Amino acid sequence: MSQVDLLLPILVVDDDAMVRDIVIEYLNSFGFQNVIEAKTSVEALKMIQSHQQNIGLVLSDWDMPTPTGLDLLKSFKSNSIRQGAKFIMITSQKSVERIKIAQAASFGVDAYIVKPFRAHTLKEKIWNVMGWTKGDDNSKAG
Amino acid sequence: MVFVTANHDPRIESINVKLGEDSVDQWDYLNKPFTKSEIIQKSRNFLALWNLKEQQSIKDQQLKELNNLLSDHERKNMLAAISRGVSHEFGNILQQIIGKAELSVNKSEAGMKEALNKILDASQKASDILQRFKNMTENHQSTSEKELVNVNELIKGTIDLMEHQFKVHQVKVCVIKNDPVFVNADPTALMQVFVNLFINASHAMVGAGQVDVSLINKADGQSLIVIRDYGPGVKSEEIEKVFEPLYTTKGEKGTGLGLPICREIIEIEHRGHLTLKNHPDKGLMVEILLPTQGVKDVAS
Ligand SMILES: Nc1ncnc2c1ncn2[C@@H]1O[C@H](COP(=O)(O)OP(=O)(O)OP(=O)(O)O)[C@@H](O)[C@H]1O
Ligand SMILES: [Mg+2]
């Protein structure tokens, strides 16, 4: 278990601007100060592949035009510069997306979260995949 | 039902006239006076007959169901495709509602007001989508009811409903001709045709693509609906083949039922024509001809 790192660079990918904004606001309310956004999956793929871009965690929507969330995950997990970085996928509905979840699992996704979700769920997932202990922080959101 | 009558010399014919041909198997008669055993016998016969009829109707029902199975299967496919899109949209909308509500709790009054307005907008959108979805899934039983349908609205509704699929397949839909078109049709079945054709068009194009829709009110009393894509089209020697049930080039992913069902709906259920033509430049054109519903048709 490591210390909570509020400077962790987090990339948020969702082509729905409203949802993206809400995820970012959630992250800010948890105290994260280094949130990056990609408005399209094309933009996200460029960032993932760029050596200049520091990324510790990706929160990505799944259902996007190519490159899809799965393409992003594959690229992310196969890139040596992203070693140790985490990837959480965001899907719409568990039952119909079961195949996608299985696919994602085989490509090393660290967690998935089903829309709609509450702040505390998002926070729990992040803390979990980062291996942070829950008592480590004192922010009240969630 | 056993008929007890005091009518003087009631001939079967006269009762038949009274009750109508359709209920011929629902009554029988005894001449008065009658005995108890006669009544029982009549009742027994009648019950047996009734049971036979019932069995027949169950068999008919099963046959009908078998016939419907094909189209039901296809409908389910289509519904699954659409409901995936709808559930994605719903996920996003509910996320907005929950997120806005949760995040505004600690905000100023102005901030809360803004959030509430966003929540209202999102809720409205959700209920619109739900309404559209309901319209298409309800009354989809085989008892197809025909009514006056504005094809312009139906096409628009279908495009709205498929917004997500089009986005995922990077398909732009252009309504390039939009004459007001009215036909006498079962709107759910017609929508099913459009959905199938739109899905086929999206599948036919790799990468970004476009679908052109034209609604044309022809002078000869026919309405023409053309759905054109920019894919590879269909080889001329295969143009009839693609209408064969179960013919698919999509492997596991296709059922090969899309086009045969479209043809059945248009040509058998609606007495129209559905034909495929390759566009001289690029892509497939699906042409649907339906009789225009005008005042003069109402009488017939
Ligand atoms: N717009 C199109 N452009 C090119 N080929 C097409 C087009 N539409 C249909 N086809 C061809 O016709 C075949 C049969 O189509 P049909 O809709 O009947 O079944 P399918 O699309 O393969 O399966 P399903 O409809 O269950 O997904 C397709 O597999 C494809 O090869
Ligand atoms: Mg098809």
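Predicted model: local features only at pLDDT ≥ 70, side-chain atom pairs only at ≥ 80, totals over all residues.
I sorted the shell around ligand 1 by class and got nine nonpolar, eight polar and two charged residues. My classes: Ala, Val, Leu, Ile, Met, Phe, Trp, Tyr, Cys and Pro are nonpolar, Asp, Glu, Lys and Arg are charged, and the others, Gly among them, are polar. Residues count from 1 along each chain as its sequence is written, chains are lettered from A and ligands numbered from 1 in written order, and side-chain values use heavy atoms, without hydrogens and water.

**Around the ligand**

I listed 19 residues surrounding ligand 1, and the closest are B:Asp229, B:Thr248, B:Thr249, B:Lys250 and B:Thr255. A residue gets on that list if one of its heavy atoms lies within 4 Å.

Then I looked up polar contacts (pairs of N or O atoms within 3.5 Å). From B:Gly258 it is a backbone N or O atom, 3.3 Å from a ligand oxygen. Alone, ligand 1 exposes 590 Å², and the protein buries 91% of that (Shrake-Rupley, 1.4 Å probe).

Which elements give two or more residues to this shell? They are helix H6 (187–204) and helix H7 (258–269) of chain B. Helices here are DSSP runs of H or I with at least four residues, strands are E runs of at least two, numbered from the N terminus.

**H6 against H7**

I checked how this pair packs: the axes of H6(B) and H7(B) come within 9 Å and cross at roughly 145°. Axes are lines fitted to C-alpha atoms over the stretch in contact, with angles from 0 to 180 degrees between N-to-C directions. The contact (heavy atoms within 4.5 Å) includes B:Asn200 of H6(B) and B:Gly258 of H7(B). Its residues divide into nine nonpolar, four polar and one charged.

Most residues other than glycine have a negative phi, and most peptide bonds are trans. I found a cis bond from A:Thr66 to A:Pro67, omega near -5°, with A:Pro67 in the loop between S3 (57–61) and H3 (69–77) of chain A. The bond from A:Lys115 to A:Pro116 is cis too, omega near -5°. In chain B, B:Gln170 has a positive phi of about 55°.

Key. Polar contact = N/O pair within 3.5 Å; in protein donor to acceptor, adjacent residues only side chain to side chain.
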